[in-house]
Amino acid sequence: MDNFIGKDGFNWWIGVVENRMDPLNMGRCQVRIFGFHTENKQLIPTADLPWAPCLSSPNASHSFSTPKEGDYVIGFFADGQSPQNPTIDRKSTRLNSSHVK
């Protein structure tokens, strides 16, 4: 096994949720990750973004609810340097569209 989490470091990211209607009903979201996915939705449409599972409760009540479209989330790539498998760690309560461009 050549590629696993932690082997080449931990690759954190920040992104915005664009779709939470998971066809497998697993609570995953499609996230546009800043620095990895262009803002141009004609080049990378929302439908082409990878599905990202949520690791833990992304809300303060500790009950699970999927982040909503437009929510900023923080996560990491479960496949290390091959940024294909994003995982949502938490919803950011401090970031909004005025902070990240």
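Among contacts in the chain between residues at least 6 apart in sequence, what percentage join residues at least 24 apart? With contact defined as heavy atoms within 4.5 Å, the share comes to 51%. The structure is a predicted model, in which local features need pLDDT of at least 70 and side-chain atom pairs count only at pLDDT 80 or more, whereas totals for chains, interfaces and linings use all residues. Residues are numbered from 1 along each chain as its sequence is written, and side-chain values use heavy atoms, with hydrogens and water left out.

The secondary structure, assigned from DSSP runs numbered from the N terminus (helices being H or I of at least four residues, strands being E of at least two), comprises zero helices and five strands. These strands form an open sheet in the order E3-E2-E1-E4-E5, with antiparallel pairing, where two strands are taken to pair if DSSP finds at least two bridges between them. Strand E3 (51-52) and strand E5 (86-91) are the edge strands, each pairing on one side only. Strand E2 (residues 29-33) is joined to E3 in the antiparallel sense over two bridges, and Gln30 stands opposite Trp51 in E3.

Of the 101 residues in the chain, 37% are buried, a class that requires under 20% relative accessible area, as against over 50% for exposed and the range in between for partly exposed (1.4 Å probe, protein chains only). Cys29 belongs to the buried class, with a relative accessible area of 0%, and Cys54 also counts as buried, at 17% relative accessibility. A disulfide is a pair of cysteine sulfur atoms within 2.5 Å, and by this rule the count is zero. The sulfur of Cys29 has that of Cys54 as its closest cysteine sulfur, but the separation of 4.8 Å is too far for a bond.

Asp71, located in the loop between E3 and strand E4 (72-77), is likewise buried, with a relative accessibility of 16%. Apart from its neighbours within four places in sequence, Asp71 is in contact with Gly15, Val16, Val17 and Lys91. The C-alpha atoms of Asp71 and Glu18 are separated by 8.3 Å, although the two residues are 53 residues apart along the chain. A polar atom of the Asp71 side chain lies 2.7 Å from the backbone nitrogen of Lys68.

Finally, by the Shrake-Rupley method with a 1.4 Å probe, the chain exposes about 6,400 Å², of which carbon and sulfur atoms supply 52%.

Notes. A polar contact is a pair of N or O atoms within 3.5 Å; within protein, one must be able to donate a hydrogen and the other to accept it, and residues adjacent in sequence count only if both atoms are side-chain atoms.
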